[in-house]
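Q: I should like to go through this model in short questions. May we begin once it is on the screen?

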Amino acid sequence: MQLHFSPSMRSITISSSNGFIDLMKIKVAARHISYRTLFHTILILAFLLPFVFILTALVTLEGVNKCSSFDCLGRRLGPRLLGRVDDSGQRLVKDFYKILNQVNTEEIPDGLKLPDSFSQLVSEMKNNQYDARTFAFMLRGMMEKLEREIRESKFAELMNKHFAASSIPKGIHCLSLHLTDEYSSNAHARRQLPSPELLPVLSNNSYHHFVLSTDNILAASVVVTSAVQSSLKPEKIVFHVITDKKTYAGMHSWFALNPVSPAIVEVKGVHQFDWLTRENVPVLEAIENHNGIRNYYHGNHVAGANLFDTTPRTFASKLQARSPKYISLLNHLRIYLPELFPNLDKVVFLDDDVVVQRDLSPLWEIDLGGKVNGAVETCKGEDEWVMSKHFRTYFNFSHPLIAKNLDPDECAWAYGMNIFDLQAWRKTNIRETYHSWLKENLKSNLTMWKLGTLPPALIAFKGHVHPIDASWHMLGLGYQNKTNIESVKKAAVIHYNGQSKPWLQIGFEHLRPFWTNYVNYSNDFIRNCHMLES
């Protein structure tokens with residue numbers, strides 16, 4: 001290194017020893033600096049610059065990340081001043097990403113033993129000194145194994161929930177047996193319902209007639225009790241409870257021994273309706289006796305299903321569609337209301353999994369505008385589970401008949417709480433249309449739709465539905481765990497549609513009290529069947 005002073009002492013040049021490369025030039029002002037100061041500056045620079053170059057070389061060789069003491073400050077700042085920054089960490093991350101991408105596209109080696117936990121993985125890494133590629137394969141294998149186990153557990157949970165929803169709880173079965181026994185041994189349990197002097201009321205259109213079709217005695221008691229207690233005019237209420245032959249004695253006993261006066265209750269079995277013959281319901285007879293249909297609803301729900309190509313949500317929907325209740329005559333009975341009640345003009349049909357919380361008498365004052373069915377539409381909400389359903393939700397639009405006759409964007413509506421104008425209904429061909437489409441779906445091996453009684457009703461009632469305010473009927477309490485409690489309190493009728501019925505153990509705990517409020521747990525039959533208030 002050499003120092004060169006200009007003749008005028010106005011500039012100093014620091015160059016390499018061969019004189020070809022100038023490292024630094026310093027211009028000296030004419031007046032404001034003395035020669036002594038200049039000389040000291042030159043000495044300092046000549047002393048410090050070699051150290052700067054040496055430290056820069058050391059940082060380049062060793063890396064700045066290993067330096068932590070105060071005397072390393074120059075080693076940290078030097079490379080930055082000269083534009084040299086250590087990027088070894090970034091290179092390591094890029095190399096690891098490259099390995100992960102390669103491992104993601106390759107098959108996991110046969111015989112690769114996967115650890116059972118992360119701590120075991122770390123232990124094996126230390127003991128066996130695995131390289132990054134082997135580590136990546138093991139990590140991928142562990143994650144895929146965990147995903148498979150979670151998926152299998154989810155499907156198993158859905159299957160167990162389906163079986164729980166399809167079964168009859170021990171307490172409800174016990175209640176039916178005890179009440180049936182009471183019917184045979186207690187004359188009061190067999191008394192006529194209603195009493196002879198009230199029989200004309202059953203066809204009196206000045207009363208508010210409700211129809212309930214069910215084989216669940218406890219659920220029926222809740223529907224009737226909640227409707228009567230919520231009514232401003234309970235003396236105007238007439239309930240027509242329809243059940244099957246095996247449940248008739250128990251259902252009759254319950255309402256004979258537990259009257260809901262001043263309301264009137266009639267209990268009839270399907271075997272007591274002269275109109276319900278095989279000739280009038282041939283399609284339903286075929287559905288109940290067709291081996292393929294019975295296997296679909298009662299058979300192995302997993303056999304033939306490719307669970308790897310099915311999401312848990314899709315699988316849950318398919319399971320719900322295969323509930324045995326969908327081939328029960330009781331579930332299809334509402335399509336025959338004009339024939340079953342030929343003297344009535346208007347009825348409100350209620351499902352057995354509803355609770356009435358408000359007076360429903362204003363429903364009879366709604367002008368349906370010549371329509372048959374007053375129902376809540378289910379396409380006007382943001383909730384995709386409950387209130388965002390169109391025809392595409394229920395029908396297979398790849399089927400040519402469906403694609404030709406239906407609009408996938410047409411709004412769906414709900415069963416469960418409907419006001420039916422039977423006079424207007426009798427002027428239509430709704431029942432014939434319902435039967436016709438059931439036959440077509442049966443011939444197509446259930447490829448047109450899967451879910452129960454609502455899809456054929458959506459077709460049969462097409463053009464005959466009058467939308468009513470959504471506050472009359474709130475749905476989803478049987479499968480919507482996040483249901484807003486305040487909205488539940490405000491609804492006129494709440495509907496536990498879905499698998500999680502309030503009388504089942506899989507029912508949602510925070511929603512069950514709205515139903516149990518109307519269960520009389522002090523009743524001897526309920527206590528003897530060990531139904532405890534939850």
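Q: Is cysteine 379 buried or exposed?
A: Cysteine 379 is buried, as its relative accessible area is 14%. Buried stands for under 20% relative accessible area and exposed for over 50%, with partly exposed in between, using a 1.4 Å probe and protein chains only.

Q: And what sort of model are these values computed from?
A: This is a predicted model, in which local features need pLDDT of at least 70 and side-chain atom pairs count only at pLDDT 80 or more, while totals for chains, interfaces and linings use all residues. Residues are numbered from 1 along each chain as its sequence is written, and side-chain values use heavy atoms, with hydrogens and water left out.

Q: Fine. What does cysteine 379 form with cysteine 411?
A: The two form a disulfide, with sulfur atoms 1.9 Å apart; the term covers a pair of cysteine sulfur atoms within 2.5 Å. The torsion about this S-S bond is about -105°, so the disulfide is left-handed. Cysteine 379 is in the loop between β9 (373-375) and α14 (391-394), and cysteine 411 is in the loop between α15 (400-405) and β10 (417-421), so the bond ties together parts that are 32 residues apart in sequence. The labels come from DSSP runs, numbered from the N terminus: helices are H or I with at least four residues, and strands are E with at least two.

Q: What about cysteine 411, buried or exposed?
A: Cysteine 411 counts as buried, at 19% relative accessibility.

Q: How many disulfides does the structure hold?
A: It holds two. One of them joins cysteine 174 to cysteine 529, with an S to S distance of 2.1 Å. Its S-S torsion is about -80°, so this disulfide is left-handed. Cysteine 174 belongs to helix α6 and cysteine 529 to the segment after α21, so the pair ties together parts 355 residues apart in sequence. Both cysteine 174 and cysteine 529 are buried.

Q: Which other residues of α6 are buried?
A: Besides Cys174, the buried residues of α6 are Gly171, Ile172, Leu175, Ser176 and Leu179. Their cover includes α7, α8 and α21 (524-528).

Q: What length should α6 span?
A: Helix α6 (residues 170-185) has 16 residues and should span 22 Å at 1.5 Å a residue; the end C-alpha atoms are 23 Å apart, which agrees. The expected span is 1.5 Å times one less than the number of residues.

Q: Changing topic: what is the strand order in the seven-stranded sheet?
A: The sheet is open, with the order β6-β5-β4-β7-β10-β9-β11 and mixed pairing. Two strands pair if DSSP finds at least two bridges between them. The edges are β6 (264-269) and β11 (465-467), each with a single partner strand, so one side of each has no neighbour in the sheet. Neighbouring strands are turned by 25° against each other on average, direction ignored.

Q: In which sense do β5 and β6 pair?
A: Strand β5 (residues 237-243) pairs with β6 in the parallel sense, over six bridges. Isoleucine 242 stands opposite lysine 268 in β6. Helix α7 (residues 217-230) packs on the sheet and touches β4 (208-213), β5, β6 and β7 (346-350), with its direction at about 170° to that of β5. Helix α8 (residues 245-257) lies across β5 and β6 and runs at about 165° to β6. Contact means heavy atoms within 4.5 Å, while axes are lines fitted to C-alpha atoms, for helices over the stretch in contact, with angles from 0 to 180 degrees between N-to-C directions.

Q: How many residues of β10 are buried?
A: Five of its five residues are buried. Met417, Ile419 and Asp421 are on one side, and Asn418 and Phe420 are on the other.

Q: What are the partners of β10?
A: β7 pairs with β10 in the antiparallel sense over five bridges, and valine 347 stands opposite phenylalanine 420. β9 also runs antiparallel to β10, joined by two bridges; there, glycine 374 has isoleucine 419 as its bridge partner.

Q: Lastly, which side chain does threonine 453 contact?
A: The side chain of threonine 453 makes a polar contact of 3.5 Å with that of asparagine 331. A polar contact is a pair of N or O atoms within 3.5 Å; within protein, one must be able to donate a hydrogen and the other to accept it, and residues adjacent in sequence count only if both atoms are side-chain atoms. Threonine 453 is buried, with a relative accessible area of 5%.
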